[in-house]
Structure formats: C-alpha cells, structure tokens
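Dear colleague,

I am passing on the structure below for your own work.

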Amino acid sequence: MGHHTRRDTVLFPWLMFGAAFVLGLAVAACKQRIDASAPPPKPAGDTSAGAPGAKPQPPSQPTQAISVPVPVQVPTQPTSTPAQDTPTPGNTHGLPVVTEESIREIASPSPNKSARTTSIKRIVLHNTESTLASALATLRSPAGANRVSAHILVGRDGALHRIVPDADKAWHATVANDDGLGLEIEAGKFGRGMTPLQEATVIAVVRRWMRLHKVTAQNITMHRLAAPGTTDCATFIWPEGNDKAFFNWRRDRFGS
Ligand SMILES: [Zn+2]
C-alpha cells in the first residue's frame with residue numbers, strides 16, 4: 001500500500017498536466033478551423049462581394065474606372081535664353097567670320113603691273129563678269145593689247161587670290177590706277193551679287209586696306225564711279241542706274 005500510495009501521489013500531477021495539454025491542443029485546433037473558415041483577406045480596392053473561401057477575383061473593371069484623374073504636373077523648365085548675337089569684328093551682318101587676321105591669300109602673281117608714282121588714296125571695287133578661272137587667266141595674261149590686272153580677286157567661295165602687291169600699280173581702272181587699289185569680285189550673269197563668305201572676305205580685305213593705307217570710307221568706290229563713262233562695272237553686284245545701292249552698302253558696312 002505504501003507503494004500504491006506513493007505511486008498515486010507521484011502520478012496525479014502528471015495526469016493533470018496531460019489533461020491540460022490535451023485540452024490546449026483541442027482549443028488550438030478549434031481556433032485553427034475557425035481561422036480557416038474566415039474569408040480570405042480581400043485585395044485592396046476589391047469591391048466585389050466574394051463568398052467566404054472564394055478565390056479573389058481580379059477586378060472586373062479597368063483600374064481607370066475607379067481612378068481619379070490627377071492633373072499632370074509639368075516640371076517647370078528653366079526659361080531658355082536665346083543665343084545672343086554677339087557681334088564679331090568685321091561680321092555684323094550675319095556673315096561668316098572672316099577677320100583681317102584670318103585672311104588667307106593664294107599667291108596668283110601677274111606680270112601686269114608697274115611702279116607707283118603716287119600714294120594710295122582709294123579702293124576700287126569691280127565685278128569680274130567671268131568665272132574665277134577665266135578671270136584669273138585674263139588678269140595674269142601678258143598677251144594682247146589690253147592687258148589688265150587687279151591687286152586681289154575674291155571668288156564666290158571666299159578664296160582670296162593675291163595678284164599684284166599693294167606697293168605696285170595694277171591695271172584695272174584707267175584714271176584710277178595711279179592712286180587706287182583694285183579688288184575684283186567674282187560675279188556675273190552666272191552669279192549676281194556676293195555670296196555671304198565672299199562678302200565677308202571682301203569686307204575684311206577692305207578693312208585691312210583702310211587700316212594699312214589710311215583710306216577713308218568715302219574713298220571706297222566702284223569702277224563706274226572712279227572712271228565715269230567707261231564701264232557699267234560693277235553692275236552685277238550694284239546694278240547700273242542704282243548707285244544708291246552701293247552707297248547704302250558702303251554706309252552699312254563701313255559707316256559712310
Ligand atoms: Zn571693273
């Protein structure tokens with residue numbers, strides 16, 4: 001008995017513990033089943049009335065059906081500043097940049113020249129009437145009774161041909177040869193006026209001459225003004241009968 005008694009005494013706490021454990025398992029299992037019977041959490045924004053346990057249905061309407069239009073925020077762009085038209089010396093008329101310093105001369109010497117006996121006072125502008133190649137041949141030809149030349153010839157591509165040194169007299173404008181500098185500009189029926197690059201070169205050449213030889217703007221002239229009654233040159237740049245076109249060009253480019 002003593003053995004039984006001791007055995008019962010030892011066994012009782014274990015029985016109580018086991019009963020409590022089994023009860024706990026049953027409660028846990030029950031709660032688990034309750035949780036399983038609850039409807040699954042609905043995805044956010046799902047307004048459909050799904051039955052408990054049913055799979056979540058994809059939204060039957062496109063998202064825009066419930067979306068609220070939002071004003072598009074346009075990022076504020078910094079106000080762009082238009083490029084400033086920075087005047088360049090010798091280039092104030094939208095012409096290509098050709099400065100006195102950047103002038104590149106092509107040596108095209110001519111035998112048609114003589115010694116100066118008077119100082120330089122004026123600049124005489126001409127049009128060639130013929131193409132560059134033809135003009136180069138004429139201005140450098142030692143043949144014929146009417147040999148002609150000029151100091152510089154500027155092609156429509158802006159290339160500058162040095163034909164006669166400033167220090168010598170060129171033969172381009174009869175009575176104006178002695179105190180003049182002759183500038184031939186490639187223009188004719190094939191191409192009237194000046195190309196932008198050609199005009200930029202002409203302006204740079206004239207500016208350099210004005211500086212080197214102290215020629216005033218009023219003494220920039222053209223062939224038919226320097227030798228009246230002998231020619232219509234340079235009518236393919238400044239048409240004959242409209243000398244005002246030349247004077248306006250001279251005033252705009254050289255200030256007088
Ligand atoms: Zn001429």
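This is a predicted model: local features need pLDDT of at least 70, side-chain atom pairs count only at pLDDT 80 or more; totals for chains, interfaces and linings use all residues.

**What was found**

Residues are numbered from 1 along each chain as its sequence is written.

On the buried side of α2 (residues 132-139) are Ala135, Leu136 and Leu139. Seen down the axis of α2, these buried residues fall within an arc of 100 degrees (taken over the directions from the helix axis to the C-beta atoms), so they line one face of the helix. Their cover includes β4, β5 and β7.

As for the chain, it has 5 helices and 8 strands, which are DSSP runs numbered from the N terminus (H or I of at least four residues for helices, E of at least two for strands). Of its 256 residues, 24% count as buried.

An open sheet of 6 strands runs in the order β1-β5-β4-β7-β3-β8, with mixed pairing, two strands being paired if DSSP finds at least two bridges between them. β1 (105-107) and β8 stand at the edges with a single partner strand each, so one side of each is left without a neighbour in the sheet. From one strand to the next the twist averages 30 degrees; axes are lines fitted to C-alpha atoms, for helices over the stretch in contact, and angles run from 0 to 180 degrees between N-to-C directions. Within the sheet, β4 and β7 pair in the parallel sense over 3 bridges. α2 packs on the sheet, touching β4, β5 and β7, and its direction makes about 170 degrees with that of β4, contact being counted when C-beta atoms placed from the backbone lie within 7 Å.

Helix α3 (residues 196-213) has 18 residues, which at 1.5 Å a residue should span 26 Å, and its end C-alpha atoms are 26 Å apart, which agrees; the expected span is 1.5 Å times one less than the number of residues. Among the buried residues of α3 are Val202, Val206 and Trp209, and the buried residues of this helix pack against elements including β3 (122-127), β8 (220-222) and α5 (243-254). Just after α3, Lys214 takes a positive phi of about 55 degrees.

Best regards

Methods:
A residue is buried if 20 or more other C-beta atoms lie within 10 Å of its own, exposed if 12 or fewer, and partly exposed in between; C-beta atoms are placed from the backbone. Two residues are in contact if their C-beta atoms, placed from the backbone, lie within 7 Å.
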